[in-house]
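Have a look at the overall fold, then at one residue within it.

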Amino acid sequence: MSGPTNGMDENPLDLLPEVFLAASAVLGLLLGAWLPRRRQWLVGVLGVAACTAGIAAAAAAAGDGPMTAFDGAFAVDTVTSTSRVVILAGTVIVLVLGFAPFRGDARESEFHVLVQLAALGALMLAGAQDLLLLAAAYLLASVPSYTLAGFRKDAPGTEAALKYFVTGALLGVVMLAGITVLYAAGRASAYPALAGELPRAPAALVTAGTVGLLAGLLFKTGAVPGHFWVPDAVEGSSPPAAALLTTLPKVGALAALHRLAAVPLTGTQVPWDALVAVLAAASMTLGNLAAFFQTDVKRLLAYSTVSQVGYLLLPVAVATRADEAQRALLFYLAGYAVTNLGAFAVVCALPHARTLADYHGLLRAHPGLALSLAVCLLGLLGTPPTAVFLGKLEVFTAAVDGGYLWLAVLAAANTVASLFYYLRWIRPAFAAAGGPGTPQPLVRPAALTAYATAAASVALGVTAGPVLGLLGGPLAR
């Protein structure tokens, strides 16, 4: 996979992982129209195969060095390649988690297709190097997600989809307005051209456009102030859909934020780094405070993901001020994705356990699942040797090196505080059996996924040294 770095480089092979996923989604939609209901699961298998092929293609492209495709609109570099692997691997996990709950459903194939389309939007967000492509990727990542939130068509799901859609539509319009303003200020939509024009444009115009653009991407990440949809959408949607909503769009949007900070906004008079630092502090603090006394497990994980994005915004704030910011962000994204999906896999494995009390006696009933839950929750906290521990260590170091010591101290304090609500879930799970909420039988595919993701979180943490060495390549220009 190769292509020139400028000119009309319209080679679809440069977007091979995205092509695999798009083709699988379209073919799956066609297959779902004539496959019998008992065979609809084949659409999910096709999606898993497409994601696996996409991971292989992304790994192959990673060795070719940074380049651009389609007249520079899409970048293929370390950020894109890492995001591809993380998003596609996460998509495989979500598809597997959806097999059991939607098996035999009249719309089973639609679920698998929507998951793939939402993942495709996240992939495009990660590689977009043009404001117009970024807007299209935002819509592609959003519309299938709205449908997934209300896929069950019950009252909670309808409320989840409505709140998610209204918030997304509002902030999407604000984002489009910001893109229009930046286009007017920079007289271009491509990031390299904007990098040369925006420093000379009126500061007020650039600031207004940047704030509007951030509004949409902060919505996709679930960060303050675009976080209001997160708890209700996660609580009301099915567990596999909730796993997707809190993971895959976040990876694409944070990669997009990093690229914006490192390319078009470099050299402008906009204090974007200070703005992102304040939003990071607000997200990690408010997310933790709201999670403290939650009893619904999905709602607790929803507020946990709001706090997690606060930590993930740290390297974005110092994208041009700390050399290790990029590798810190990418490693943390990978560690967060596998660990968060592991926690949701436990939730999927026990579909009737909705509150913390329902997990009472889990260790005695299902010891492997209890250990997986403990690994994932302590991993989200940042306990060694899990991947998030090394990820947090890297982002704290990047924040200090970038001149934001106060933000690193606040992040460390929030990490300690988050121990409270993670232990509130672990404690009943490891309590003696016979309590009020002894867990129901397992959904075995989800349980196996929980075991695998918990092991992957630890394995990624143990192999952090070699992995980090692969994540520091230059961005495509």
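Of the protein's 477 residues, 60% count as buried, with buried meaning under 20% relative accessible area, exposed over 50% and partly exposed in between (1.4 Å probe, protein chains only). This is a predicted model, where local features need pLDDT of at least 70, side-chain atom pairs count only at pLDDT 80 or more, and totals for chains, interfaces and linings use all residues. Residues are numbered from 1 along each chain as its sequence is written, and side-chain values use heavy atoms, leaving out hydrogens and water.

## Overall build

The protein has 20 helices and 2 strands, taken as DSSP runs (helices H or I, at least four residues; strands E, at least two) and numbered from the N terminus. Its radius of gyration is 21 Å, close to the 23 Å that the globule rule gives for 477 residues, so the protein is as compact as a globular protein of that length. That radius is taken over C-alpha atoms, and the rule is 2.2 Å times the number of residues to the power 0.38.

Among contacts between residues at least 6 apart in sequence, 81% join residues at least 24 apart; contact means heavy atoms within 4.5 Å.

## A look at Thr78

Thr78 lies in helix 3 (residues 78–99). Buried or exposed: which is Thr78? It counts as buried, because its relative accessibility is 16%. Beyond its neighbours within four places in sequence, Thr78 is in contact with Gln326 and Leu330, and also with Leu470, Leu471, Gly472, Gly473 and Pro474.
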